[in-house]
Amino acid sequence: MFKPIIDVAIAILLHQNNVLVGWREAKQHQGNKHEFPGGKVEEGETPLAACRREIYEEVGIGLHDWHAFDVIVHEYDDVIVKLHLFHAVVQTALLNEIQQPWSWYSREELLNLNFPKANLAIIQRLYWPHQIKISVQLDELAQLKQDQLLYWRVEGTQQQLMELAKRSVEHLSRLIVNVDIFEQLNSIQQQAISAIHLKQPQLMALKPGDLQIGKRYIAACHDLASMQ
């Protein structure tokens, strides 16, 4: 059965760690569910241009400083949607210009909202456990509390990589590794890893385009220059 492919631009709008969310009417595809702002990419339009246009039309604010977040493809029974995700920060001065019925939700509250299935991967990216445990022992993965991740603070020897290969995808989804280790993993392991860690020298050596879109990074910052 042939299924049409629809390109959709989605905006993750952030303000003080809250996310802007709306509600899809019953007559819409995947109606009676919560949604992130955005809409269909028109012919001859780039996803970023569509995102800017949709946010101006739907939300009522014009934003220029957008960042690519991810691309997610999801297949429904009747259609395949390709979600082009971008994120931007909404300044306090613009809050009164936001149209109804958009509302702000904390990242934790997103877990309890009724989103289309295609959006579930977005929510998993937005929500993060509140604690990071640091250890050289990979066995700590099996002992993590529900609200914890593990930063595996090792050099990445061949023996350590072999030990990592024995871990399930579920365990890897709660693991943070340094970028040097990440680059030695296979594609399945890389997809599962929760986040990539950058030491300060690795952070300062970054060039435009070095970071992978769709991956979460954390970085060690020990001075103002690295934070900036």
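Here is a conversation about a predicted model, its sheet, its cores and one of its helices.

Visitor: What makes β8 and β12 edge strands of the open sheet?

Guide: The sheet has 5 strands in the order β8-β9-β10-β11-β12, with parallel pairing. β8 (131-135) and β12 (217-219) each have a single partner strand, so one side of each lacks a neighbour in the sheet. On average, neighbouring strands here are turned by 30 degrees against each other, direction ignored.

Visitor: How do you know that β11 and β12 are paired?

Guide: Pairing requires at least two bridges between the strands. Strand β11 (residues 195-198) is joined to β12 by 3 bridges, so the two count as a pair, and they run parallel. Within this pair, His-197 stands opposite Ile-218 of β12.

Visitor: Why is Cys-51 called buried?

Guide: Buried means under 20% relative accessible area. Cys-51 has 1% relative accessibility, so Cys-51 counts as buried.

Visitor: Which residues have the most contacts inside the largest nonpolar core?

Guide: They are Ile-12, Phe-36, Leu-83, Leu-110, Ile-122 and Leu-126, in a core of 21 residues. At least two residues each come from β1 (5-15), β2 (18-24), β5 (67-75), β6 (80-89) and α3 (120-126). β1 gives the most, with 4 residues. There is also a second, separate core of 20 residues, which includes Leu-138, Trp-152, Val-179 and Ile-196.

Visitor: What is Leu-110 in contact with, leaving aside its neighbours within four places in sequence?

Guide: The partners of Leu-110 are Val-19, Val-21, Tyr-105, Phe-115, Ile-123 and Leu-126. Contact here means heavy atoms within 4.5 Å.

Visitor: How do you know that the buried residues of α4 line one face of the helix?

Guide: In α4 (residues 158-165), the buried residues are Gln-160, Leu-161 and Leu-164. Looking down the helix axis, the buried residues fall within an arc of 100 degrees, so they line one face. On the other side of α4, Gln-158, Gln-159, Met-162 and Ala-165 are exposed.

Visitor: What covers the buried residues of α4?

Guide: The cover includes the strands β9 (148-152) and β10 (175-178). It also includes the helices α5 (169-172), α6 (179-182) and α7 (187-192).

How values were computed
Residues numbered from 1 in each chain as written. Predicted model: local features only at pLDDT ≥ 70, side-chain atom pairs only at ≥ 80, totals over all residues. Heavy atoms only, no water. Axes fitted to C-alpha atoms, helices over the stretch in contact; angles between N-to-C directions. Core = buried A, V, L, I, M, F, W, Y, C linked by side-chain atoms within 4.5 Å. Buried < 20%, exposed > 50% of the residue type's maximum accessible area, 1.4 Å probe, protein only. Arc of directions from axis to C-beta.
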